[in-house]
Amino acid sequence: MRKIVVYSLIGMLFLSLSSFAFHKFYVGVYQINYAPEKKMLQITSRIFIDDLNNGVEKKYKIKSNIGTEKETEADVALLKRYLAENFTIKVNGQLRPITFLSKEVESNDVLVCYSRIKDVDKIKSLEISNTILVDWNTEQQNITHVSVLGSKKSVLFTESSRKELLKYE
């Protein structure tokens with residue numbers, strides 16, 4: 001319970017400070033919600049745009065303008081590729097494809113991405129791997145809040161903690 005409170009406070013701090021053009025901390029906030037009536041995991045990601053472009057450029061050696069006025073279709077394709085390679089979820093031990101739905105810019109410096117995993121009947125376990133921006137910056141922290149059938153858990157992903165297994169009965 002204490003972890004949930006701490007991670008929630010960090011998340012609120014991130015959101016409240018995200019309107020400043022300069023930031024000295026490196027945090028991404030992710031929300032995974034299970035919608036049993038839709039048999040779907042709904043995923044929302046909040047990532048600083050400048051960090052995302054720096055991470056993508058370092059990984060692929062290509063200049064990117066994701067979330068800016070100069071963004072191209074190639075940038076969006078690169079974003080989808082980067083997310084797919086660095087954020088994965090296994091449902092009940094099976095790696096499931098994550099479908100990127102859309103994105104929007106929030107507060108001029110945060111990119112919000114919406115994704116989903118369809119055809120999720122029952123969840124016994126979720127194995128989440130989140131390495132977004134961790135290879136680019138060792139100070140990067142990715143807070144992931146997971147809500148499954150009334151159970152709320154929060155996980156902190158860092159350079160040394162990139163994967164977590166959550167079990168549900």
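Trainee: Which strands does α2 lie across, and at what angle does it run to β2?

Mentor: This is a predicted model, in which local features need pLDDT of at least 70, side-chain atom pairs count only at pLDDT 80 or more, and totals for chains, interfaces and linings use all residues. Residues are numbered from 1 along each chain as its sequence is written, and side-chain values use heavy atoms, with hydrogens and water left out. Helices (H or I, at least four residues) and strands (E, at least two) are DSSP runs numbered from the N terminus; contact means heavy atoms within 4.5 Å; angles run from 0 to 180 degrees between N-to-C directions, with axes fitted to C-alpha atoms, for helices over the stretch in contact. On these terms, α2 lies across β2 (40-48), β5 and β6, and its angle to β2 is about 95°.

Trainee: What is the strand order of the open sheet with mixed pairing?

Mentor: Two strands pair if DSSP finds at least two bridges between them. β5 and β6 (residues 110-118), for example, are joined in the antiparallel sense by 7 bridges, and Glu 106 has Val 110 in β6 as its bridge partner. The open sheet has 6 strands with mixed pairing, in the order β5-β6-β2-β1-β8-β9.

Trainee: Which are the edge strands of that sheet?

Mentor: An edge strand pairs on one side only, and this applies to β5 (99-106) and β9 (151-157).

Across the sheet the twist averages 15° from one strand to the next.

Trainee: Are α2 and α3 roughly parallel or roughly perpendicular to each other?

Mentor: Helix α2 (residues 49-60) packs against helix α3 (residues 73-86) at an angle of about 80°, and their axes are 11 Å apart. Residues of α2 including Leu 52 and Val 56 meet residues of α3, among them Leu 78 and Tyr 82. Angles under 35 degrees count as roughly parallel, over 145 as roughly antiparallel, 65 to 115 as roughly perpendicular and the rest as oblique. The two helices are therefore roughly perpendicular.
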